[in-house]
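Please open the model in your viewer and keep the selection panel at hand. The tour below goes from stop to stop, saying at each one what to select and what is to be found there.

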Amino acid sequence: MSFKATERWNCVVIEFNGNVMGGPDAVALNEKLHELIDGGKKNVVVDLSKVKFMNSSGLGMLIGALTTMRNAGGDLRIANATDKIESLLIITKLITVFQHFKSLDDAVKSFE
Amino acid sequence: MSKPKTHTLRVHATTANIAAVRDFVASHAEAHGFNTEDIDRIRLAVDEAYTNVIKHAYDFDESQWVSIEVKTDPRTIHVVISDSGRSFNPDGYQEPNIEERIKMRKRGGVGVFLIHKLMDEVEYRKQGSLNEIVLTKHL
């Protein structure tokens, strides 16, 4: 997986790309989140539109990221989950844990 | 109607082979007539089962082997994943409370839960020194 962070005025959008399977990606993401928190940026939208595959380790990484942002006093919201990813979130009941939005714009606006 | 068929892939127990294992099973599921949603479910269940072998049966020892056998009969696909490592005790498995795990900041434990949710039947077998998990999906 790769990810790209883009700053908006009220939040940071992190776009995931590829296969989300935790492991070394979780370390890189955690470092990025702490860099953002240290810079006073505590609200993040994860754009999942380019995610091809996600397994339980990837879900664990997403949960870890959510916990990191909430512990810092911010939040992590998700946008553009494909049907496949949404189904995974429903099966694991994580759909109730994340605030999720059908579009990136809606997710960004939710932080206004 | 397809005739019963068996296809086998044998790979080292490494995460480098995860995509090949997923694709091997998915290609046979597709050829057998499963729809995209079911193929995605089978693909994810196989990913979780293979990953569990790497982590828990072999403790990331990449010199070990995993065998993936796909058996199809007219209405069903069976995926048999075999290893010779530490056995998984299904009797000791309890369905996790995922929200509780999140509150307690615990990771893991979700893979087996997902496998059971994604497949129609899941069976654990012991064949001599081999551990087998049999994942079954009906058309």
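Begin with chain B, which holds 4 helices and 5 strands (helices are DSSP runs of H or I of at least four residues, strands runs of E of at least two, both numbered from the N terminus). Read from the N terminus on, the elements of chain B follow the order β-α-α-β-β-α-α-β-β. This is a predicted model, in which local features need pLDDT of at least 70 and side-chain atom pairs count only at pLDDT 80 or more, while totals for chains, interfaces and linings use all residues. Residues are numbered from 1 along each chain as its sequence is written, chains are lettered from A and ligands numbered from 1 in the order in which they are written, and side-chain values use heavy atoms, with hydrogens and water left out.

**The sheet of chain B**

Select the strands of chain B, and you will see an open sheet of 5 strands in the order β1-β2-β3-β5-β4, with antiparallel pairing (two strands pair if DSSP finds at least two bridges between them). Its edge strands, each pairing on one side only, are β1 (5-12) and β4 of chain B. From one strand to the next the twist averages 20° (axes are lines fitted to C-alpha atoms, for helices over the stretch in contact, and angles run from 0 to 180 degrees between N-to-C directions). Helix α2(B) packs on this sheet, where it touches β1, β2, β3 and β5 of chain B, and its direction makes about 10° with that of β3(B) (contact means heavy atoms within 4.5 Å).

Next, select residues 65-73 and 76-83 of chain B, the strands β2 and β3, which pair in the antiparallel sense over 7 bridges. Within this pair, Lys71(B) has His78(B) in β3(B) as its bridge partner.

Move on to β4 (residues 121-127) and β5 (residues 130-138) of chain B, which run antiparallel and are joined by 7 bridges. Here Glu121(B) stands opposite Thr136(B) in β5(B). The hairpin of these strands has 2 residues between them, and in it Gly128(B) takes a positive phi near 60°.

**Helix α4 of chain B**

Now select residues 110-118 of chain B, helix α4, of which 7 of the 9 residues are buried, so the helix is largely enclosed by the rest of the structure (buried means under 20% relative accessible area, exposed over 50%, partly exposed in between, with a 1.4 Å probe and protein chains only). The buried residues of α4(B) include Val112(B), Phe113(B) and Ile115(B). Helix α4(B) lies across β4 and β5 of chain B, running at about 120° to β4(B).

Turn to chain A, where an open sheet of 5 strands has the order β1-β2-β3-β4-β5, with mixed pairing. Its edge strands are β1 (2-7) and β5 (99-101) of chain A, each of which pairs on one side only. Select β2 (residues 12-20) and β3 (residues 43-54) of chain A, which pair in the parallel sense over 8 bridges, and look for Val13(A), which stands opposite Val45(A) in β3(A). Helix α1 (residues 24-38) of chain A packs on the sheet, touching β1, β2 and β3 of chain A, and its direction makes about 180° with that of β2(A).

Which strand holds Ala79(A)? Ala79(A) is found in β4 (residues 75-79) of chain A, and it counts as buried because its relative accessibility is 0%. The residues that Ala79(A) touches, leaving aside those up to four places away in sequence, include Val45(A), Leu48(A), Phe101(A) and Ala107(A).

**Helices of chain A**

Select α1(A) together with helix α2 (residues 56-71) of chain A, which pack at an angle of about 15° with their axes 10 Å apart. That angle makes α1(A) roughly parallel to α2(A) (angles under 35 degrees count as roughly parallel, over 145 as roughly antiparallel, 65 to 115 as roughly perpendicular and the rest as oblique).

End at helix α3 (residues 83-91) of chain A, where Ile85(A), Glu86(A), Leu88(A), Leu89(A) and Ile91(A) are buried. What covers these residues includes β3, α2 and β4 of chain A together with α2 (36-57) and α4 of chain B. After α3(A) comes Lys93(A), whose phi is positive, near 65°.
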